[in-house]
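Subject: the model I promised you

Hi,

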Amino acid sequence: MNDVVQNADDRGAVKAAGVAITDLRKSYGSNEVLKGITLNVEPGEVVCLIGPSGSGKSTLLRCVNLLEQPNEGSIHVGGFEATDPDVDIDKMRRKVGMVFQQFNLFPHLSALKNCTIAQTKVLKRSESDASAVAMRNLERVGLGHLADRFPDQLSGGQQQRVAIARALSMDPELMLFDEPTSALDPETVGDVLAVMRNLAREGMTMLVVTHEMGFAREVADRVVFMDGGVVVEEGVAEQVISAPTHNRTKEFLRRVLDPTHIDIAE
Amino acid sequence: MAMTARQRARVSLYVQAGIFVVAVVALILATDWKTISTSVFNFGKIGPMFPDIILVGLKNTLIYTALGFMVGLSGGLLLALMKLSSFPLYRWLATGYIEFFRGIPALLVFIAFGYGVPLAFGVSWNVTVVAMISLGMVAAAYIAETLRAGLQAVPKGQMEAARSLGMPQWRAMVSIVIPQAFRIVLPPLTNEVILLTKDSSLIYVLGLTASQYELTKFGRDGISSLGAGLTPLLVAGAFYLVITIPLSLLARKFESRSARTKR
């Protein structure tokens with residue numbers, strides 16, 4: 001059963017922020033994982049980051065809300081310069097929702113409390129205001145009826161949708177998704193992607209690390225292909241996925257789109 | 001004729017059970033039951049221990065233990081956080097404290113806080129305060145290590161998720177990480193309470209008045225006053241079990257519950 005609310009066509013319903021990343025570099029010791037990334041995301045735009053594992057796309061995403069500290073370059077998010085040493089990290093992060101591969105729901109709190117705790121503790125909303133916002137967002141992801149469940153009583157797909165509702169409850173202006181469907185059972189992937197599709201329609205700025213090429217093609221305004229810590233190719237989703245120009249992009253897409261293909265010629 | 005593996009295992013079990021039975025029989029035969037019945041199992045003369053062993057002894061043991069645990073838990077949490085701090089001085093201080101108080105006998109700590117510290121600072125502490133501080137200081141060292149392990153067992157993603165929602169570090173600790181750490185360490189923490197219950201007997205070094213007696217001291221007092229040999233100590237020991245066995249059962253319940261909630 002697909003219990004996700006569909007056809008919500010209210011583009012512009014959310015306040016959206018843009019992202020400007022300039023010549024970003026990040027190393028772990030002598031291992032440089034981001035080698036000068038420049039990437040702009042317009043307010044309301046949906047950008048998918050694709051590429052092989054180890055290409056730096058997750059690190060790039062995590063730099064945007066400073067879960068990783070970049071070594072060089074600059075990141076502007078909304079009105080904040082994330083790379084300014086004096087930036088109020090907590091204030092900036094309130095505008096940036098993050099969805100993790102492993103959901104990272106708080107296991108000691110119900111779905112509803114997962115969505116209210118940061119509202120009451122960080123935004124200082126009253127318990128009843130926070131609950132109202134949380135319920136609205138849980139209903140938005142199709143899980144209003146499971147608000148009292150604890151994370152271990154929910155399927156992977158439901159947990160991920162709660163995680164999305166939790167992020168949305170902070171009224172973010174930008175949403176970051178770090179391989180949101182990679183840890184899910186195949187039959188629950190669709191529900192999560194449907195929620196993300198609706199969010200994109202509502203005009204949320206989204207930066208999505210994903211291996212779901214179907215989703216990228218359908219929902220993303222732009223697709224960025226990364227490999228070895230650099231942006232190899234970027235452009236309109238349809239063009240990058242269907243007609244890539246770089247050999248590395250072609251190779252990667254062939255493997256992802258046809259995993260059973262065995263390359264005998266090599 | 002060669003035995004199968006199953007036959008061999010069965011024979012081995014019979015032999016082990018046989019050795020156990022022989023040992024028990026030998027012990028029973030070797031025991032001087034006549035003496036024992038007057039000096040250890042002489043329950044006819046212990047009537048005067050009641051009800052004060054409960055109203056004074058058990059009560060004081062519970063009070064000393066509870067106060068000591070309160071100090072130990074808050075001190076232990078502070079030390080655990082210091083030990084995980086990125087500030088080296090805090091880590092060194094916590095490590096030094098833990099090594100010191102885990103390494104010396106609790107009896108010495110009681111003497112130090114019962115006699116040494118009051119002398120050094122010209123203060124006089126009553127017995128309850130000394131028990132609270134001494135037990136608490138020792139317990140803090142053990143609890144700190146338990147809590148540190150619990151804090152580290154909370155997945156890193158929990159802190160990341162909390163920080164991503166705009167929570168400052170301390171708020172993420174208080175609302176997200178510490179509550180989960182406590183769930184993880186509830187069984188070993190119950191263990192600490194059991195150890196603490198027994199250590200509360202060390203307060204005897206201070207020279208107590210009758211109203212300050214806890215279980216062990218109460219039992220020792222009975223040895224000299226009742227003429228029932230060691231029987232009063234046996235009774236006191238039984239009352240420790242009245243405290244510790246329910247705690248163990250409680251711990252096991254927590255353990256099975258947290259095992260069930262794990263996917």
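Let me begin with one residue pair in chain A: A:Arg222 sits opposite A:Val236 of β10(A). Before going further, please keep in mind that this is a predicted model.

β9(A), which spans residues 222-227, is mostly covered, with six of its six residues buried. Which residues point which way? A:Arg222, A:Val224 and A:Met226 face one way from β9(A), while A:Val223, A:Phe225 and A:Asp227 face the other way, and all are buried.

On to β3 (residues 46-50) of chain A: four bridges link this strand to β9(A), and the two run parallel. Here A:Cys48 is the residue opposite A:Val223.

**The whole sheet**

These strands are part of an open six-stranded sheet in chain A, in the order β6-β7-β8-β3-β9-β10 and with mixed pairing. At the edges are β6 (96-99) and β10 of chain A, each of which pairs on one side only. On average, neighbouring strands of the sheet are turned by 15° against each other, ignoring direction.

Elsewhere in the sheet, β7 (residues 174-178) and β8 (residues 205-209) of chain A pair in the parallel sense over five bridges. A:Asp178 has A:Val209 in β8(A) as its bridge partner.

Two helices of chain A are worth a look against this sheet. Helix α5 (residues 156-168) lies across β6 and β7 of chain A and runs at about 170° to β6(A). Helix α6 (residues 186-201) lies across β3, β7 and β8 of chain A, at about 145° to β8(A).

**Cysteines**

How many disulfides does the structure hold? Zero, over all chains. For A:Cys63, the closest cysteine sulfur is the one in A:Cys48, and at 19 Å that is too far for a bond. A:Cys63 counts as buried because its relative accessibility is 0%. A:Cys115 is buried too, with a relative accessible area of 2%.

**Over in chain B**

Next, a helix pair. The axes of α3 (residues 52-83) and α4 (residues 88-103) of chain B come within 7 Å and cross at roughly 130°, so α3(B) is oblique to α4(B). The contact draws on B:Leu79, B:Met82 and B:Lys83 from α3(B). From α4(B), the residues making this contact include B:Tyr90, B:Arg91, B:Leu93 and B:Tyr97. The crossing of α3(B) and α4(B) is left-handed.

Last, a proline: B:Pro179 lies in helix α8 (residues 169-199) of chain B. What does B:Pro179 touch, leaving aside its neighbours within four places in sequence? B:Pro179 is in contact with A:His108 from chain A, and with B:Met173 and B:Val174. B:Pro179 and B:Tyr90 are 89 residues apart along the chain, and their C-alpha atoms are separated by 22 Å.

Cheers

How values were computed
Residues are numbered from 1 along each chain as its sequence is written. Chains are lettered from A and ligands numbered from 1 in the order in which they are written. This is a predicted model: local features need pLDDT of at least 70, side-chain atom pairs count only at pLDDT 80 or more; totals for chains, interfaces and linings use all residues. Side-chain values use heavy atoms; hydrogens and water are left out. Buried means under 20% relative accessible area, exposed over 50%, partly exposed in between (1.4 Å probe, protein chains only). Two strands pair if DSSP finds at least two bridges between them. A disulfide is a pair of cysteine sulfur atoms within 2.5 Å. Axes are lines fitted to C-alpha atoms, for helices over the stretch in contact, and angles run from 0 to 180 degrees between N-to-C directions. Contact means heavy atoms within 4.5 Å. Angles under 35 degrees count as roughly parallel, over 145 as roughly antiparallel, 65 to 115 as roughly perpendicular and the rest as oblique. A crossing is left-handed if the near helix is turned anticlockwise from the far one by less than a right angle, and right-handed if clockwise.
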